There are 4 protein chains.
Amino acid sequence: MRLLFLGDIVGRPGRTAVVERLPRLRERWSLDLVVINGENAAGGFGITEAICDEVLAAGADVITLGNHSFDQREALVFIERQPRLLRPANYPRGTPGRGATVVEARNGARVLVMNVMGRLFMDPLDDPFTVVAQELEACPLGAACDAVVIDMHAEATSEKQGLAAFVDGRASLVVGTHTHVPTADGRVLPGGTGYLSDAGMCGDYDSILGMQKDEPIRRFLEKTPGSRLEAASGEGTLAGIAVETDDATGLAHRVAHVRIGPHLAPSGPDFWE
Amino acid sequence: MRLLFLGDIVGRPGRTAVVERLPRLRERWSLDLVVINGENAAGGFGITEAICDEVLAAGADVITLGNHSFDQREALVFIERQPRLLRPANYPRGTPGRGATVVEARNGARVLVMNVMGRLFMDPLDDPFTVVAQELEACPLGAACDAVVIDMHAEATSEKQGLAAFVDGRASLVVGTHTHVPTADGRVLPGGTGYLSDAGMCGDYDSILGMQKDEPIRRFLEKTPGSRLEAASGEGTLAGIAVETDDATGLAHRVAHVRIGPHLAPSGPDFWE
Amino acid sequence: MRLLFLGDIVGRPGRTAVVERLPRLRERWSLDLVVINGENAAGGFGITEAICDEVLAAGADVITLGNHSFDQREALVFIERQPRLLRPANYPRGTPGRGATVVEARNGARVLVMNVMGRLFMDPLDDPFTVVAQELEACPLGAACDAVVIDMHAEATSEKQGLAAFVDGRASLVVGTHTHVPTADGRVLPGGTGYLSDAGMCGDYDSILGMQKDEPIRRFLEKTPGSRLEAASGEGTLAGIAVETDDATGLAHRVAHVRIGPHLAPSGPDFWE
Amino acid sequence: MRLLFLGDIVGRPGRTAVVERLPRLRERWSLDLVVINGENAAGGFGITEAICDEVLAAGADVITLGNHSFDQREALVFIERQPRLLRPANYPRGTPGRGATVVEARNGARVLVMNVMGRLFMDPLDDPFTVVAQELEACPLGAACDAVVIDMHAEATSEKQGLAAFVDGRASLVVGTHTHVPTADGRVLPGGTGYLSDAGMCGDYDSILGMQKDEPIRRFLEKTPGSRLEAASGEGTLAGIAVETDDATGLAHRVAHVRIGPHLAPSGPDFWE
Ligand SMILES: [Fe+2]
Ligand SMILES: [Fe+2]
Ligand SMILES: [Fe+2]
Ligand SMILES: [Fe+2]
Ligand SMILES: [Fe+2]
Ligand SMILES: [Fe+2]
Ligand SMILES: [Fe+2]
Ligand SMILES: [Fe+2]
């Protein structure tokens, strides 16, 4: 099976890059499933229903979130009627929406997609390792589903690597999000799980985390209130990871960094070209 | 000028990779200056004088450090007699050693090398932005020196990108260290400063941050005391960035990710081959 | 019913103060139940079985812990055979020991005692509010037990006040521990729950948190490794709160700060004298 | 000399308590100097010029601030023309206002008042210990001034006790603010410095940190956006510390907890009555 995961969409540059490029990529690479993190899609903060629909229409099968899940309050409502939008599974019981779902890929395969949030340098939440273990037990790879994709929205590389090692052999892909910088460590772990510490963002990289540079720099220098953070407006770059799984086991055969756009060294799944 | 920066050496696998590969790389790429972060060189924690000498002998011109600077206490002493070993410049006044130095590169050029530490999700320290600005004023690129290399040892990508944007045009290279995962965003910023959010580590990537996996995973699951963290022992990979600077301005012409070893997608400065 | 809660025992001064004074206080005030936090009893770090036995023999009915629960590793073992020693209830499933227990007070009443840990500025743990709610549902005050004592081991006053307001009317006492400084806000909340933001410590207050002053001061000034923290050795002071509950409802009638020893303004339950 | 320090004014209940009670207290206790922390005076967030003037008119000689200094942006402007309003001295160079001042007390004595902010669990700032040492060197107690009052706005008790021990004998009073809960450890340290870990707040204690309880509790339970925090509206209580200094040395003779109002055990300087 052919999977594509793209990192946090940040503002209009990220949305435009996804909407303009994803349809062709789906076709060209014969993608079976596309998952995109959308927590910053609305001007850098959260996601609206209109944007969610736009990204799904562009070819995403599932959209994941993170600490910015509900920055746009309407997400508290429409997430209940949008089964393809996931917020972190280790949010408190009672949080609107869900943190995991099983969707049918284009090839008919059942894929468990999960979104969890790390705890190091993040908000206090319940243990993501335990939540992931429970979901995997309820829907084991190779038995109840054909692929498992886990978006680990976290700051610390130790926690991302830790979760990946913890589920190695039980998931098709563990991919980090949140830092908005793609890492270069994409690989298949010894147990067969595809891994990338961070997918990076889909957005304008001539920025600080996808936002215009002046105000963030000012905040590092001064401790006074300033202006709002605004999304940068230059051309967006797509960043993420492509994974080919073994149809028999659901584990990863091979992975490739995906970077398409003006600011990053280009990369893609040559094995699908 | 040709510069090479390599990320945190972690334990024996990192040291071996550096010692075995660096001499040939220096020659093959005609490197003028090599800087390596060595904060985890001694079993994952700090650096000893013997290891420091070994890494310098292998071809490093300057070794930088970070939050693990003094994990080996002998570093408090020998750093005073080793001008090529830098600890973060924003450590408190009175800390042994220094945070910046000007060294002569192989081509005779004077290079200002600086080590600073971020503050987000790190120990409380004085402002790294201010310290960097002071050093740059004291030794401006193109006037008092021919190149400026800044190792920004930090957790948060926002702070690394912020510092880089802050000095863009005033330094040859800003490179992050500390996360032990190489990022894929190496590029020349609009003002001419080479940039990479994190150099990654020189160490065994079949690990968690270069350490054996069992104990770190256990610590995420359990809140009980366990065993020590031990450096992983598999083959090490080199990770960092190669920079070619303009001899007239000292700014970066072009950069290339450097990844040499078993676990990461290989990369290097093709323009020097 | 008459309850006494004393804050974190720190080292020998704290133990001596408890052992020398508690037996007489139990008698003089006709105490029905005594709970003491013992997380720093062993030289400032954790608790040994010998010390646990000593404190119980001196008149404690239950000993609670906190982030230092297992600093002495033997606690991982003997906590299993010591039902009167509690570690935080929101530690991960599978942690040795228990976080809540029902004990019989001297007057025959059944008292639910609970230890939970906050999450603000502390280690990542599961939600203490949810854990407390579950325990209270399983053993409601006035129905399944005659009193409820909750030791909220936490840093932030907001989280302590939040938990207290959350259970106001469902517990006899919510008392904070961990900061090693007694607060002066002991009172009965509107719903009938006795409250004190922090019990303070039982230890030598001519110190920093019960430890000798030199090394902690040095650590604020310097970022280099130093010597170990050693418990201070001057005379200890007892600190905590006395609570009188209504036998019918189990709620608090009245409370009094308890401070007995050389460094703090003396205070006690005059209503029992 | 007779000094009074009162903790963070929170909203209208705090302002009313100060305005209604302070004038009589000044007279009754023949106060020479009054310092009040006002960082939450404007509805819980910052301070306006009108409120600043009101509090000064009620009898404060100096108003200190903290992490909420500039929540009301007008403070960025009027602090420049209001020498009796202090923001933390370890804010970055260039921050509007000042962090220390020498004022004349009613008895003609010169008093150095300082505001610094801790770094543990707080925003990254420059080292408060160093800043305090510099101020004390520039204006030594007993030489250049007759009393020194330091408001250490900090979360961690270790850092407050650390600073106090660091300046013991060089200041008349070190008093903590920020936690909004008064501690009960007021005393004269061995070197002669008066000390209290936290002054508490001037505000409505039937609250969470002075704010209405519902929203803060909700935020501990849920990770979704909610409503704004609103200051509680019940009767306010004054909290702080009274200090009598030796006219010859400027060190503290004796101190007394001050708590006047509906929710806290009453306390005051009996030695002045
Ligand atoms: Fe994001
Ligand atoms: Fe995020
Ligand atoms: Fe490192
Ligand atoms: Fe580091
Ligand atoms: Fe403690
Ligand atoms: Fe503790
Ligand atoms: Fe405050
Ligand atoms: Fe504050």
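Me: Which residues coordinate the iron ion (ligand 7)?
Reply: This is a predicted model, in which local features need pLDDT of at least 70, side-chain atom pairs count only at pLDDT 80 or more, and totals for chains, interfaces and linings use all residues. Side-chain values use heavy atoms, without hydrogens and water; residues are numbered from 1 along each chain as its sequence is written, with chains lettered from A and ligands numbered from 1 in the order written. Donors are N, O and S atoms within 2.8 Å of the metal (3.2 Å for Na, K and Ca), and sites may look incomplete since water is not among the atoms. At 2.1 to 2.2 Å, the donors come from Asp8(D) (OD), Glu39(D) (OE), Asn40(D) (OD1) and His180(D) (NE2).

Me: What is the arrangement of the four donor atoms around the iron ion (ligand 7)?
Reply: Four donors are tetrahedral if all angles lie between 85 and 135 degrees; four are square planar and six octahedral if opposite donors are over 155 degrees apart and all others between 65 and 115; anything else is irregular. Here the angles run from 86 to 164 degrees, so the arrangement is irregular.

Me: Which residue coordinates both the iron ion (ligand 7) and the iron ion (ligand 8)?
Reply: The two ions lie 3.4 Å apart. The residue that coordinates both is Glu39(D).

Me: Is Glu39(D) buried or exposed?
Reply: Buried means under 20% relative accessible area, exposed over 50%, and partly exposed in between (1.4 Å probe, protein chains only). Because its relative accessibility is 1%, Glu39(D) is buried.
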